[in-house]
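Welcome! Have a look at the structure, try each task yourself, and then read on.

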Amino acid sequence: RMDARVNTDADTDSSNADANSLFFGCMFKHVQATTRRGCHRAALECAKLATSLDRSDPRGFLCALDYFALRCGEEDWLLDFADGFEDDTMGGAGGGLLSHP
């Protein structure tokens, strides 16, 4: 039986770090495959899920979220996400998408 839970804080639990890395790696490959087929909405939703599970963005989903959102006509969501991202990171103390590593 496989454990379907995803640990969102991989740094504190090293036993789940490999499972999390594998999950995010598979999710990233899936996002790449769906966008290659022209399914930008599906790629956006998968990238949103991965970003919501781990805000540290271990695979670089943030670099593609804007592309997917624009390709499927979700400009309003993208603007809301960019505004909300600043509030979520660093407690609203000057963080944002531009300061994300």
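**Exercise 1. Decide whether Lys48 counts as buried, partly exposed or exposed, and find its salt-bridge partner.**

Solution. Keep in mind that this is a predicted model.

- Step 1: Lys48 has a relative accessibility of 24%, so Lys48 counts as partly exposed. The reason is that buried means under 20% and exposed means over 50%.
- Step 2: The side chain of Lys48 meets that of Glu45 in a salt bridge, at 3.3 Å from N to O.
- Step 3: Both Lys48 and Glu45 sit in helix α2, three residues apart, which is about one turn of the helix.

**Exercise 2. Find out which residues the salt bridges join into one network.**

Solution. Start from Glu45 and follow the partners.

- Step 1: Besides Lys48, Glu45 forms a salt bridge with Arg41, where the closest N and O atoms are 3.1 Å apart. These two residues are four apart in helix α2, so about one helical turn separates Glu45 from Arg41.
- Step 2: Look at how open the two are. Glu45 is partly exposed, with a relative accessible area of 32%, and Arg41 is partly exposed as well, at 42% relative accessibility.
- Step 3: Move on from Arg41. Its side chain meets that of Glu74 in a salt bridge, at 2.6 Å from N to O. This pair links distant parts of the chain, since Arg41 belongs to helix α2 while Glu74 is in the loop between α3 and α4, 33 residues apart. Glu74 is partly exposed, with a relative accessible area of 23%.
- Step 4: Through shared partners, the salt bridges join Arg41, Glu45, Lys48 and Glu74 into one network. The count for the structure comes to three salt bridges.

**Exercise 3. Asp57 is buried: work out which polar contacts its side chain makes, and how far away the nearest side chain of opposite charge is.**

Solution. 

- Step 1: Locate the residue. Asp57 lies in the loop between α2 (40–53) and α3 (62–71).
- Step 2: Asp57 has no salt bridge, and the nearest side chain of opposite charge, that of Arg59, is 8.8 Å away. A salt bridge needs the atoms to be within 4 Å.
- Step 3: Check the backbone instead. The side chain of Asp57 reaches the backbone nitrogen of Phe61 at 2.7 Å. A polar atom of this Asp57 side chain also lies 3.3 Å from the backbone nitrogen of Gly60.

**Exercise 4. Name the residues that form a negative surface patch, and place Glu75 in the chain.**

Solution. 

- Step 1: The negative patch is formed by Glu75, Asp76, Asp80 and Asp83.
- Step 2: Glu75 lies in helix α4, which covers residues 75–88.
- Step 3: With 40% relative accessibility, Glu75 counts as partly exposed.

**Exercise 5. Describe the chain as a whole: how many helices and strands does it have, and what share of its residues is buried?**

Solution. 

- Step 1: There are four helices and zero strands.
- Step 2: Reading from the N terminus, the elements run α-α-α-α.
- Step 3: Of the 101 residues in the chain, 27% are buried.

Definitions and conventions
Residues numbered from 1 in each chain as written. Predicted model: local features only at pLDDT ≥ 70, side-chain atom pairs only at ≥ 80, totals over all residues. Heavy atoms only, no water. Buried < 20%, exposed > 50% of the residue type's maximum accessible area, 1.4 Å probe, protein only. Lys, Arg positive; Asp, Glu negative; His and termini not counted. Polar contact = N/O pair within 3.5 Å; in protein donor to acceptor, adjacent residues only side chain to side chain. Patch = residues over 30% accessible without salt bridge, like charges linked within 9 Å, V, L, I, M, F, W, Y side chains within 5 Å. Areas by Shrake-Rupley, 256 points an atom, 1.4 Å probe, with all protein chains shown as cover. Charge placed at Lys NZ, Arg CZ, Asp CG, Glu CD.
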